[in-house]
Amino acid sequence: SELMRKLRHAARDDDFNRPYDAIISDVRMPQRTGLDVLAEFRTQSWATPFFLITAFGEEWIHREADRLGARVFDKPFDLTRMADAVVASLDGGGSAG
């Protein structure tokens, strides 16, 4: 997809396994879902912390995100809590949970 092509291109000179500090994505997007992007990241062996936001917090979304090592925030969410989770992932605290 165009999104993944751009992300791979931007990351080509960076650390192969963690080319970005963190990624935050909505689950529902026009052409792909955030879960699709996350799954493709993981097939590329990218360990970048990944956070999903959604207004549709179905349990299966949370289960699939957890399986792929991401954290989901249901809208409306506490921005401070999300920022704390992102900072913790940057400090090596991981993104799942």
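**Entry 1. Overall layout**

I counted the secondary structure and found 4 helices and 3 strands. The model I am reading is predicted. Reading from the N terminus, I noted the order of elements as α-β-α-β-α-β-α. I then looked up burial for the chain: 36% of the 97 residues count as buried. The accessible surface is about 5,900 Å², and carbon and sulfur atoms hold 52% of that area. For contacts with a separation of 6 or more, I recorded that 62% join residues 24 or more positions apart.

**Entry 2. The strands**

I turned to strand 2 and asked how many of its residues are buried. The count is 5 of 5, so strand 2 is largely enclosed by the rest of the structure.

Next I checked the pairing of strand 2. Strand 1, residues 23-26, runs parallel to strand 2 and is joined to it by 4 bridges. In this pairing, Ile-24 stands opposite Phe-51. The chain passes from strand 1 through helix 2 to strand 2, and I noted this β-α-β crossover as right-handed. Strand 3 is also parallel to strand 2, with 5 bridges between them. There I found Phe-73 of strand 3 as the bridge partner of Ile-53. The unit formed by strand 2, helix 3 and strand 3 is a right-handed β-α-β unit.

**Entry 3. Nonpolar cores**

I looked up the largest nonpolar core, which has 17 residues; Tyr-20, Leu-35, Leu-38, Phe-41, Phe-50, Leu-52 and Ala-65 touch the most other members. At least two residues of this core come from each of helix 1 (2-11), helix 2 (34-43), strand 2 (50-54), helix 3 (59-67) and strand 3 (70-74). Which element gives the largest share? I found that helix 2 does, with 4 residues.

I followed Leu-35 further. Leaving aside residues up to four places away in sequence, Leu-35 touches Leu-52, Trp-60, Ile-61, Glu-64, Ala-65 and Leu-68. I also noted a second, separate core of 6 residues, among them Ile-53, Phe-73, Met-82 and Val-86.

Within helix 2, I marked Gly-34, Leu-35, Val-37, Leu-38, Glu-40 and Phe-41 as buried.

**Entry 4. Salt bridges**

I found 4 salt bridges in total. Side chains of opposite charge can pair when their charged atoms come close.

- Lys-75 and Asp-26 meet through their side chains at 2.9 Å, N to O. Lys-75 is in the loop between strand 3 and helix 4 (79-90) and Asp-26 is in strand 1, so the pair ties together parts 49 residues apart in sequence. Lys-75 is partly exposed at 37% relative accessible area, and Asp-26 is partly exposed at 24%.
- Glu-58 and Arg-28 form a salt bridge whose closest N and O atoms are 3.7 Å apart. Glu-58 lies in the loop between strand 2 and helix 3, and Arg-28 in the loop between strand 1 and helix 2, 30 residues apart. I recorded Glu-58 as partly exposed at 29% and Arg-28 as partly exposed at 47%.
- Arg-32 and Glu-40 form a salt bridge with the closest N and O atoms 2.9 Å apart. Are these two residues buried or exposed? I found both Arg-32 and Glu-40 buried.

Notes. Residues numbered from 1 in each chain as written. Predicted model: local features only at pLDDT ≥ 70, side-chain atom pairs only at ≥ 80, totals over all residues. Heavy atoms only, no water. Core = buried A, V, L, I, M, F, W, Y, C linked by side-chain atoms within 4.5 Å. Buried < 20%, exposed > 50% of the residue type's maximum accessible area, 1.4 Å probe, protein only. Contact = heavy atoms within 4.5 Å. Areas by Shrake-Rupley, 256 points an atom, 1.4 Å probe, with all protein chains shown as cover. Pairing = 2+ DSSP bridges. Right-handed = clockwise from strand over helix to strand, strands pointing away.
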